[in-house]
Structures are given as C-alpha cells and as structure tokens.
Amino acid sequence: MLTKEEVEKIVRGIVEDKFIKSIEVDERGNVTVTLAKDTPSIDNVLIKLHSEIGKLEGVGLITVNREREEKAVEGQNVQLTKELILERLKEVIDPEIGLDVVNLGLIYELEIRPDNTVYVKMTMTTPGCPLTMWILRAVEDKILEIPGVKDAEIELTFDPPWSPDMISPEYKKKLGLY
C-alpha cells in the first residue's frame, strides 16, 4: 500500500519545502500535492512530480494543484454554465494540431460542483504527447480565469483512447474528414 512518507520523499526531492503546501494520499493510492503559487519552474516540476510519483507501486490518480488566491467576485451571483466554460476552453489550442481542445474532442466530461469547483476529465491525442502538461495547465488556467470559479480539477485519462472520430462535426467538415 502506498504511504504518504513515500510520496513526501519524492516531492521533497523535487521541490523545496517552502513551496510545498500539502501532500495527501488516500486509501486508494490517489495522491494530491498542493504547491505554492510562486513555485519556480512549475512546468518542469509538474512533469517531474507526475513522472516520479507515477513510478510508485500502488499509486492511483495523481493531482498536482497550485495554491490559489481567493478571488473576490463582484455580485457573487455569477452563473457558471458548462456552455460558458466550453466556450472559454475553445481558446486553448493544441499547438501541434492547431485545433482547440473542445472541437478536437479532448474534453470527455465537465462538471460544475456546488462549491463552483470545475471538474474536467480529458484526454490527449496520444499518450506520448510531449505537450500534455502544457495543455493540462492551459486548460486549468483558462478555467480559473472565469469569474466565480473557485478551483479547477483536471483529470487526464486515455480511456477511451482519442480518435479522429471525436473531432466535432463542424471541424471534420473544415478538415475534409467528411
């Protein structure tokens, strides 16, 4: 069974203690690490943490969060909708393909929780995509820009694997796939 101590050893080998806000490991082996918002070289840190923690036996889902500033929302009655969030996510372009993550079919699930945390389950076009961490962070950042969003949880999955059939009909026509 995966222990918190095993995870802490890896995290502390990659990130200075002053940037580690919390480390949690649940009974299923799911790991959640929260880092300070000013953690240096955050992209490299995310890649190293996912890679090294992923090597541990018994590890489940790995979530690495960055500490968030509480945003004051004027009017507190901002209505978050899936449509609003999906429109914003259309601004996140896969640089290798040149299409946004929504029309590319990378977003499998989107949920707005009662506390205004937005959960997204998504995939990449291939498990070996070299831009995975960049795209995941861009999706998280784009969601967090939306007024009223408390936090964003992004889960990466490859089940089912992505295929060109998942591209939106509109973009299939533009690409000549129909």
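In which helix does Val-11 lie? Val-11 belongs to helix α1, which runs over residues 4-14, where helices (DSSP runs of H or I, at least four residues) and strands (DSSP runs of E, at least two residues) are numbered from the N terminus. The legends below describe a predicted model, in which local features need pLDDT of at least 70, side-chain atom pairs count only at pLDDT 80 or more, and totals for chains, interfaces and linings use all residues. Residues are numbered from 1 along each chain as its sequence is written, and side-chain values use heavy atoms, with hydrogens and water left out.

**Figure 1. The whole protein chain, with its order of helices and strands.** The protein chain contains 5 helices and 8 strands, which follow one another along the sequence as α-β-β-α-β-α-β-β-β-β-α-β-α. For 178 residues a compact globule would have a radius of gyration near 16 Å, and the value of 17 Å for the protein chain agrees with this; the radius is taken over C-alpha atoms, and the globule rule is 2.2 Å times the number of residues to the power 0.38. Taken along the principal axes, the C-alpha atoms fill a box of roughly 50 × 45 × 30 Å. Among contacts with a separation of 6 or more, 60% join residues 24 or more positions apart, a contact being heavy atoms within 4.5 Å.

Figure 2. The protein chain exposes about 10,200 Å², of which carbon and sulfur atoms supply 49%; accessible areas come from the Shrake-Rupley method with a 1.4 Å probe, and for residues only the protein chains shown count as cover. Of the 178 residues, 40% count as buried, where buried means under 20% relative accessible area, exposed means over 50%, and partly exposed lies in between (1.4 Å probe, protein chains only). Glu-57, in the loop between α2 (42-54) and β3 (62-66), is exposed because its relative accessible area is 72%. The C-alpha atoms of Glu-57 and Glu-109, which are 52 residues apart along the chain, are separated by 28 Å.

Figure 3. Val-11 is buried, since its relative accessible area is 0%, and, leaving aside its neighbours within four places in sequence, Val-11 is in contact with Ile-20, Ile-23, Val-33, Leu-49 and Ile-53. From Ile-14 to Gly-98, 84 residues apart along the chain, the C-alpha separation is 33 Å.

Figure 4. Helix α4 covers residues 132-144, and the 13 residues should span 18 Å at 1.5 Å a residue, which agrees with the 18 Å between its end C-alpha atoms; the expected span is 1.5 Å times one less than the number of residues. Because 11 of the 13 residues of α4 are buried, the helix is largely enclosed by the rest of the structure. Among these buried residues are Met-133, Ile-135, Leu-136, Val-139 and Ile-143, together with Arg-137, Glu-140 and Lys-142. The buried residues of α4 pack against α2, β3, α3 (82-89), β4 (93-94), β7 (117-122) and β8 (151-156).

**Figure 5. Backbone features in two loops.** The peptide bond from Asp-159 to Pro-160 is cis, with omega near 5°, and Pro-160 is found in the loop between β8 and α5 (169-174). Asn-116 is not a glycine, yet has a positive phi of about 70°; Asn-116 is placed in the loop between β6 (107-112) and β7, and is partly exposed, with a relative accessible area of 24%.

**Figure 6. A lysine over a tyrosine ring.** Lys-174 lies over the face of Tyr-171, at 4.6 Å from the ring centre, where a charge sits over a ring if NZ of Lys or CZ of Arg is within 6 Å of the ring centre and within 35 degrees of the ring normal.
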